[in-house]
Amino acid sequence: MKRILSEINKANDIKHIDPSDYRQLAREIRRKLVDTVSETGGHLSASLGVVELTMALHLVLDFPEDKLVWDVGHQSYVHKILTGRMEDMPTLRQYGGLNGFPDVSESDSDAFSVGHSSTSISAALGLAKARDLNGGDEKVFAVIGDGALSGGMAYEAMNNAVETKTSMVIVLNDNKMSIAKNVGGMSNYLGNIRADSRYRDLKLRVEETIEKVPTVGVPLADKIRKAKDSLKHLLLPGMLFEDMGLTYIGPINGHDIAAMKEAFEAAASMKNETVMVHVVTKKGKGYRPAEEKPDLFHGIGAFDIETGEPLADDDCLTYTDIFGGWLKDIGEEHEEIVSVCAAMPDGTGVTEFAKDFPDRAFDVGIAEEHAVTFAAGMAAGGLRPIVSIYSTFLQRAYDQILHDVCISSYPVIFAIDRSGIVGHDGRTHQGIFDLSYLLPMPGMTVISPMDGDELVLALDYAYSYTDGPVAIRYPRGGAFFLDEYRELLHSDGDEKKRTEKQWSGNRPEFERGRAEVLTKGREVVIFAVGDMVKTALSVCDILKDEMIRVSVVNMRFVKPFDEELVRELSKKHKLVVTMEDNVSAGGFGERAGAFLRRENISVRGFLPISLPDEFIPHGSPDELYEIYGLDKLSVSERIRQEYIRCRNA
């Protein structure tokens with residue numbers, strides 16, 4: 001049997017495929033997706049679900065002239081394959097390889113770089129208006145999932161699209177699921193839609209016929225329209241979008257290429273209208289493990305194709321596990337504790353709390369801004385909300401944190417998962433800006449625990465502190481434990497793993513704004529933040545062999561930081577070093593340097609070590625830390641060179 005996919009080498013090649021071969025092409029694409037993601041990891045179930053949808057779009061659109069904007073972009077792998085990037089798919093999400101999301105620097109067939117949710121309609125509307133003002137005639141399509149419709153930005157864009165009266169098509173990909181189970185009124189609404197595809201054609205024919213009747217035609221048509229509008233509310237659930245001013249078509253089988261192609265062509269032909277085409281797809285379609293567990297295969301690492309089981313060792317205790325265990329425990333003790341997350345209950349570790357206390361667990365959907373102000377309202381009502389959101393997504397709620405939480409000093413706890421380098425999801429998902437956007441906020445306390453035990457202590461402190469909000473940031477993946485690190489120094493070098501779901505709890509209690517001295521030296525002092533403490537300890541061991549003695553300080557609090565200790569130790573050491581997994585602008589290093597200057601503390605050398613002020617691409621965390629000079633060997637060499645300079649100065 002001939003291989004149809006081999007005939008797709010560049011954009012628009014699908015137009016040369018015989019329609020009788022579409023089903024085979026879809027099967028081959030799915031096989032390519034499974035083969036690729038089983039090796040690279042990635043967002044599989046979303047891409048499997050949009051194979052026919054993407055094929056239909058590519059049959060209607062001409063790339064790169066026409067514009068297709070994906071929402072989030074989890075489902076863009078098929079688009080990449082159909083636009084000439086098939087041979088590069090083995091590099092997906094690897095450093096220097098294909099981005100896991102649409103990327104304008106990667107292909108001119110990617111109309112807009114994306115990575116966060118609920119943005120596609122806004123971006124597409126901007127492209128459509130630019131086309132109008134430039135006198136172009138290209139088609140503009142936005143694809144948005146039903147889960148993304150829980151984000152308010154999508155409605156802002158739809159409202160504005162109607163006002164602009166431009167030609168644009170919104171494709172609603174309704175797969176009944178985003179990362180987690182969809183929540184809210186929109187999910188229920190879409191679940192009830194049963195529209196008659198003949199409705200629009202019938203409406204136009206009736207109106208045109210009546211208006212032709214002499215004398216009474218136009219007035220009669222107006223009356224019928226009013227009556228018809230009332231009747232539509234009873235008969236057509238799709239009226240929400242119609243009432244907004246959109247033209248609604250659907251729902252359509254999202255795996256019927258011919259039906260979708262016809263609908264897309266009809267929608268694109270409507271002038272000065274924003275048309276919504278509602279298609280229903282099955283997430284994970286064509287690969288049984290992904291169909292049965294679409295949430296697992298939403299974002300998965302390398303896996304065994306035959307069984308669908310992940311290949312990575314998932315036994316290690318993660319920071320997310322620790323937070324989830326603490327939340328469940330404190331929830332049992334204190335009834336005022338409530339949990340708020342934004343469509344990521346599993347990813348943020350709140351699932352067990354939600355099972356035990358369903359009335360006190362709130363998943364608001366992809367609506368981070370609402371999540372924060374909702375939590376502020378509950379805090380104003382006497383509850384203790386704990387908002388668990390990834391670092392990269394919390395930045396979407398900057399204004400709400402600043403105005404709705406900080407101004408009134410509400411004791412909201414922010415559990416910020418995925419801080420620092422996240423890895424393969426790349427620029428749009430790295431958690432490297434949270435210190436920069438949290439530290440300037442008046443009244444905000446920011447804690448960055450160094451290990452798993454300290455995360456529990458930080459959370460305990462945050463609960464005990466009622467004078468304002470507390471943000472606790474911690475990285476993705478397996479938790480570091482200082483006790484085990486110390487054990488390894490005196491072991492035979494064999495790696496040890498902590499697999500039990502518990503923590504030792506033997507670290508010193510938190511005192512507000514106080515740091516912890518872990519090692520004492522005379523030449524260099526490292527003030528390290530959070531996950532960088534373990535690297536600083538390794539640096540200390542490396543430099544000790546070269547007779548450069550290093551004091552390592554676990555800052556714990558980034559705001560307020562231990563000014564007294566920074567002042568004291570900076571005066572006693574030749575070289576002062578700060579370490580953080582945040583960009584340099586607005587981070588801890590800048591603040592510490594400003595403090596030393598403000599206090600007129602003269603030091604021989606000051607070396608802030610952080611990430612550069614740029615977007616960090618996709619790749620494994622270990623290789624990215626090495627590339628950007630934050631691994632133990634790179635840091636050791638930078639400190640060695642700076643120390644020699646200071647000593648000889």
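Helices (H or I, at least four residues) and strands (E, at least two) are DSSP runs, numbered from the N terminus. The model is a predicted one, in which local features need pLDDT of at least 70 and side-chain atom pairs count only at pLDDT 80 or more, while totals for chains, interfaces and linings use all residues. Residues are numbered from 1 along each chain as its sequence is written, and side-chain values use heavy atoms, with hydrogens and water left out.

A loop residue comes first. Gly431 sits in the loop that runs between strand 9 (413-419) and helix 19 (434-438). Its relative accessibility is 1%, so Gly431 counts as buried. Buried means under 20% relative accessible area, exposed means over 50%, and partly exposed lies in between (1.4 Å probe, protein chains only). Leaving aside residues up to four places away in sequence, Gly431 touches Ser391, Arg418, Ser419, Gly420, Val422, Arg473 and Asp581; contact here means heavy atoms within 4.5 Å. From C-alpha to C-alpha, Gly431 and Ile416 are 9.2 Å apart in space, and they are 15 residues apart in sequence.

Burial can also be followed along helices. In helix 3 (residues 51-60), 10 of the 10 residues are buried; among them are Val51, Glu52 and His58. In helix 24 (residues 588-598), the buried residues are Phe588, Gly589, Ala592, Gly593, Phe595 and Leu596. Seen down the axis of helix 24, these residues fall within an arc of 155°, so they line one face of the helix. The arc is that of the directions from the helix axis to the C-beta atoms. Arg597 and Arg598, on the other side of helix 24, are exposed. The cover over the buried residues of helix 24 includes strand 13 (524-528), strand 15 (557-559), helix 23 (563-572), strand 16 (575-583) and strand 17 (605-611). After helix 24 comes Asn600, with a positive phi near 55°.

Next is a pair of helices. Helix 16 (residues 368-380) and helix 18 (residues 398-406) pack with their axes 9 Å apart, at an angle of about 10°. That angle makes helix 16 roughly parallel to helix 18. Axes are lines fitted to C-alpha atoms, for helices over the stretch in contact, and angles run from 0 to 180 degrees between N-to-C directions. Angles under 35 degrees count as roughly parallel, over 145 as roughly antiparallel, 65 to 115 as roughly perpendicular, and the rest as oblique. Glu369, Val372, Thr373 and Ala376 of helix 16 meet Gln400, Ile401, Asp404 and Val405 of helix 18.

Charged side chains form the last topic. The structure holds 31 salt bridges, a salt bridge being a side-chain nitrogen of Lys or Arg within 4 Å of a carboxyl oxygen of Asp or Glu. One of them joins Lys261 and Glu265 (2.8 Å, N to O). These two are four residues apart in helix 11 (residues 257-269), so about one helical turn separates them. Another salt bridge joins Asp562 and Arg514 (3.3 Å, N to O). Asp562 lies in the loop between strand 15 and helix 23, and Arg514 in the loop between helix 21 (482-489) and strand 12 (516-519), so the pair ties together parts that are 48 residues apart in sequence. Asp562 is buried at 4% relative accessibility, whereas Arg514 is partly exposed at 32%. Salt bridges also link Lys80, Arg85, Glu106 and Asp110 in a network.
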